[in-house]
Amino acid sequence: MTALLEMKQKLKNFYEQYEGYLASFLKFLLAFGYFWWIRTALGMMERLANPFVVVITALLCSILPFNAIIAVGFVFILGHCYAVGIEVAGLAAAMMLLMIIFGMRFSGKANQVYPVVPLGIACRLPALTPIGCGLLGTPAAAVPVGCSIVFYYLITFIKEQEMILKSEDMEIQRVLKLLMDGLVKNMDMWMVLVSSVGVLLLVYLVRTRSFDYAWRAAILVGAAVYLFLMFTGGMFLGMNVEMVVLAVSTVVSALLGFVLEFFAFGGDYTRTEHLEYEDDDYYYYVKAVPKVSISTSMRNIKKINGVSQKTAEIPDLPRREQAMPSQQVSGGPHVDFEKKLEESLKDL
Amino acid sequence: MLNEEKVRVMTKLAIYEQGEGKKYLPISKYYRSDYIGLAMIKNFFLVSIAYVMLTALIALYYLDELLETIHKMNLIKLGAQIIIGYIILLAGYSVLVYVIQTVKYSRAKKSIKNYYMQLGKLTKIYAKEEKRSQNRTVLRRDKV
């Protein structure tokens with residue numbers, strides 16, 4: 001455990017030292033992952049599907065504000081949808097606008113989670129994002145998470161129906177009806193949406209309680225509830241849910257949640273202190289959980305060899321000490337500085 | 001000579017301006033009523049656009065049924081339903097925007113208090129420095 005804590009501290013120190021570069025690099029990784037997912041999930045427009053374009057835009061996004069990733073992602077999606085048909089692009093644009101006006105304009109910084117959700121689902125870890133958001137974020141994150149899930153299923157549906165949507169005998173009204181049916185009647189989407197939003201709110205609720213090990217309890221409760229909701233939802237809606245895959249992915253998500261907890265929270269409940277005091281207006285019942293902190297060991301290598309002490313010590317002395325001639329060489333010419341100073345003052 | 005206190009206050013001000021202040025300083029330039037009023041006007045236009053889009057999408061979805069039954073439909077009732085829906089949606093979002101912007105404005109005011117205190121300190125330091133420099137010039141004149 002000590003080694004892990006030491007590693008955490010080292011990582012923290014490393015991040016603090018290179019914060020600017022690392023933040024940009026992480027942004028680049030996220031942007032690249034998100035754009036690459038759009039490319040593989042849709043990929044109808046050849047120009048936008050070019051890996052070079054994806055890398056360049058991800059690089060650009062690494063130096064731009066975070067919302068640029070979401071905006072560029074929208075442009076990519078619109079471009080690919082336009083390659084299928086103008087009606088499809090129109091519906092995608094309308095959906096985006098509705099999402100922004102009705103939800104995402106209120107969620108502020110929580111919108112940063114928007115590009116993470118499809119990556120989580122694509123990696124077969126759909127429970128990870130709601131658990132992570134519940135641990136690190138606020139309930140406002142439920143809005144971008146919900147919007148992102150809807151868009152994920154819209155994109156996968158467009159890809160599935162690509163051939164039908166591209167056929168020339170499809171009228172605008174029929175295209176819209178097909179897409180909206182594919183979205184509204186997609187029970188799989190509703191199940192994931194309700195489970196994710198529910199789990200996010202629940203994890204946040206449990207995590208913010210004051211009982212011991214609230215973070216860990218939140219992760220466990222979140223994972224269990226997610227499994228339960230997906231299982232019962234699948235049963236009642238007659239969906240074919242792969243229980244083994246779902247269970248494994250939820251367990252992995254919970255384990256990753258513990259990793260997140262290790263890095264984001266460092267409370268040591270064994271040393272909890274309960275204080276009780278009062279002032280003129282209130283009685284205070286305070287529970288103080290100390291943070292686990294460990295100072296990384298500073299290893300100094302001391303060389304012991306046969307060289308005499310006088311000559312070996314001089315290079316290690318700090319500059320200030322080296323500058324003092326009386327300490328450096330004992331046998332050197334003696335200079336009386338006081339006398340010299342008095343003389344110079346007399347001259348003045 | 002450098003005035004350490006002045007440097008300290010100016011650093012604090014710069015840190016605030018580049019961090020939290022970026023979000024709150026523009027808000028503090030408005031009166032409360034102006035700030036919330038502007039947000040409400042913006043909200044009115046956004047909700048109106050979104051409602052028109054939503055209604056158009058629903059109409060397109062049910063276009064076949066609409067075309068078949070439009071001659072039998074009570075269009076006044078349908079219009080009234082659409083307008084009532086719009087009013088309910090607009091009222092709901094207006095309340096939401098009002099609450100959010102009020103909280104945001106009061107947070108900005110609270111956050112900016114310390115910033116103005118530091119600004120006051122800086123003004124005092126400048127006033128002191130000016131006084132000192134004036135005294136020096138008077139002394140020099142007397143000597144001359």
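Mentor: Let's start with a definition: two strands pair if DSSP finds at least two bridges between them. Keep in mind that we are looking at a predicted model.

Trainee: Thanks! In which sense do strand S1 (residues 273-278) of chain A and S2(A) pair?

Mentor: A hairpin of four residues joins S1(A) to S2(A). The pairing needs at least two bridges, and here there are six bridges. The sense in which S1(A) and S2(A) pair is antiparallel.

Trainee: How many residues of S1(A) are buried?

Mentor: A residue needs 20 or more other C-beta atoms within 10 Å to count as buried. Strand S2 (residues 283-288) of chain A is hardly covered, with a buried count of zero among its six residues. S1(A) lies largely in the open, because the number of its six residues that are buried is zero.

Trainee: What share of chain A counts as buried?

Mentor: Chain A has 18 helices and two strands in its secondary structure. It has 348 residues, and the share that counts as buried is 25%.

Trainee: Let me try the helices. How are H12(A) and H13(A) oriented to each other?

Mentor: Helix H12 (residues 187-207) of chain A and helix H13 (residues 214-236) of chain A have axes that come within 9 Å and cross at roughly 160°. The crossing is right-handed. An angle over 145 degrees falls in one class, so H12(A) and H13(A) are roughly antiparallel.

Trainee: How many charged residues are in the contact of H12(A) with H13(A)?

Mentor: Among the residues making this contact are Met191(A), Val194(A) and Arg207(A) of H12(A), and Ala214(A), Trp215(A) and Tyr226(A) of H13(A). By class, there are 15 nonpolar and five polar residues, and the number of charged residues is one.

Trainee: Can we zoom in on one residue there? Is Leu202(A) buried or partly exposed?

Mentor: Leu202(A) sits in helix H12 of chain A. Leaving aside neighbours within four places in sequence, its contacts are Val221(A), Gly222(A) and Val225(A). Because Leu202(A) has 19 other C-beta atoms within 10 Å, it is partly exposed.

Trainee: How far apart in space are Leu202(A) and Val221(A), C-alpha to C-alpha?

Mentor: Along the sequence, Leu202(A) and Val221(A) are 19 residues apart. In space, C-alpha to C-alpha, the distance between Leu202(A) and Val221(A) is 8.0 Å.

Trainee: And is Asn13(A) buried or exposed?

Mentor: Asn13(A) belongs to helix H1 (residues 2-17) of chain A. From Asn13(A) to Ala41(A) there are 28 residues in sequence and 38 Å in space, C-alpha to C-alpha. With 11 C-beta neighbours inside 10 Å, Asn13(A) is exposed.

Trainee: Last one, about the two chains. Which helix of chain B gives the most to the side that touches chain A?

Mentor: The contact takes ten residues from chain A and ten residues from chain B. On the side of chain B, those are ten nonpolar residues, with no polar and no charged ones. Eight residues of that side come from the helix that gives the most, residues 32-61 of chain B, and that is helix H3.

How values were computed. Residues numbered from 1 in each chain as written. Chains lettered and ligands numbered in written order. Predicted model: local features only at pLDDT ≥ 70, side-chain atom pairs only at ≥ 80, totals over all residues. Contact = placed C-beta atoms within 7 Å. Nonpolar A, V, L, I, M, F, W, Y, C, P; charged D, E, K, R; others polar. Axes fitted to C-alpha atoms, helices over the stretch in contact; angles between N-to-C directions. Parallel < 35°, antiparallel > 145°, perpendicular 65-115°, else oblique. Left-handed = near helix turned anticlockwise from the far one by under 90°. Buried ≥ 20, exposed ≤ 12 C-beta atoms within 10 Å, placed from the backbone.
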